[in-house]
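Colleague: I am new to this structure and would like a close look at a single part of it. Could you take me through the charged pairs with some care?

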Amino acid sequence: QVQLVESGGGLVQAGGSLRLSCVASGRTFSRYALMGWFRQAPGKEREFVAAIRWSFGTTFYTDSVKGRFTISRDMAENTVYLQMNSVKPEDTAVYYCAADLDYSGTYHPERRDKYDYWGQGTQVTVSS
C-alpha cells in the first residue's frame, strides 16, 4: 500500500510561481516506478501534466507546460516536486500526484489507467 500526500497549492497571480510536493509512504519504490502529476479543472477530465521515472530520472511533459513546469524527485525523501513557473489562469485546477509501481516504458505516462495510487489533490488557483 502506498500513500501519497500533496501539498503546496494555493492562490498565485498569473506569471508567478508555485512548487507542489508529493510525499510517498508505505513502501520503497522499485527502479521501475513512475511518478506523475495530473490536474483536473472544473467540468473537465483529469489530464496528464508531467511524469518522472523514479530511478532513471527521465521526464515527460504535456505540451502546454513544457518550458514552464519542472518535475523532479528526491529519492532520499521519497518526494516528487512540480515546480510551476510563469503560471497562467488556465493552469487553475486540482493537482494530483500518482504512482505507477511498474512502468514498463511501453506506453505513454499520460495513461491514467496505468497508475496504481493517487493522492487526494491540492488546489492551484491562478488569478489574472
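Is Arg68 buried or exposed?

Modeller: Bearing in mind that this is a predicted model, Arg68 is buried, because its relative accessible area is 10% and buried means under 20%. The side chain of Arg68 meets that of Asp91 in a salt bridge, with 2.7 Å from N to O. Arg68 lies in the loop between β6 (59-61) and β7 (69-74), while Asp91 lies in the loop between β8 and β9, so the pair ties together parts that are 23 residues apart in sequence. Asp91 is buried as well, with a relative accessible area of 0%. Salt bridges that share partners join Arg68 and Asp91 with Arg39 and Glu47 into one network.

Arg39 is buried at 5% relative accessible area, whereas Glu47 counts as partly exposed, with 36% relative accessibility.

A search of the whole structure finds six salt bridges, and one of them joins the side chains of Glu45 and Arg112 at 3.5 Å, N to O. This pair links distant parts of the chain, 67 residues apart, with Glu45 in the loop between β4 (34-40) and β5 (47-53) and Arg112 in the loop between β9 (93-100) and β10 (117-118). Here Glu45 is exposed, with a relative accessible area of 61%, and Arg112 is partly exposed, at 36%.

Methods. Residues are numbered from 1 along each chain as its sequence is written. This is a predicted model: local features need pLDDT of at least 70, side-chain atom pairs count only at pLDDT 80 or more; totals for chains, interfaces and linings use all residues. Side-chain values use heavy atoms; hydrogens and water are left out. A salt bridge is a side-chain nitrogen of Lys or Arg within 4 Å of a carboxyl oxygen of Asp or Glu. Buried means under 20% relative accessible area, exposed over 50%, partly exposed in between (1.4 Å probe, protein chains only). Helices (H or I, at least four residues) and strands (E, at least two) are DSSP runs, numbered from the N terminus.
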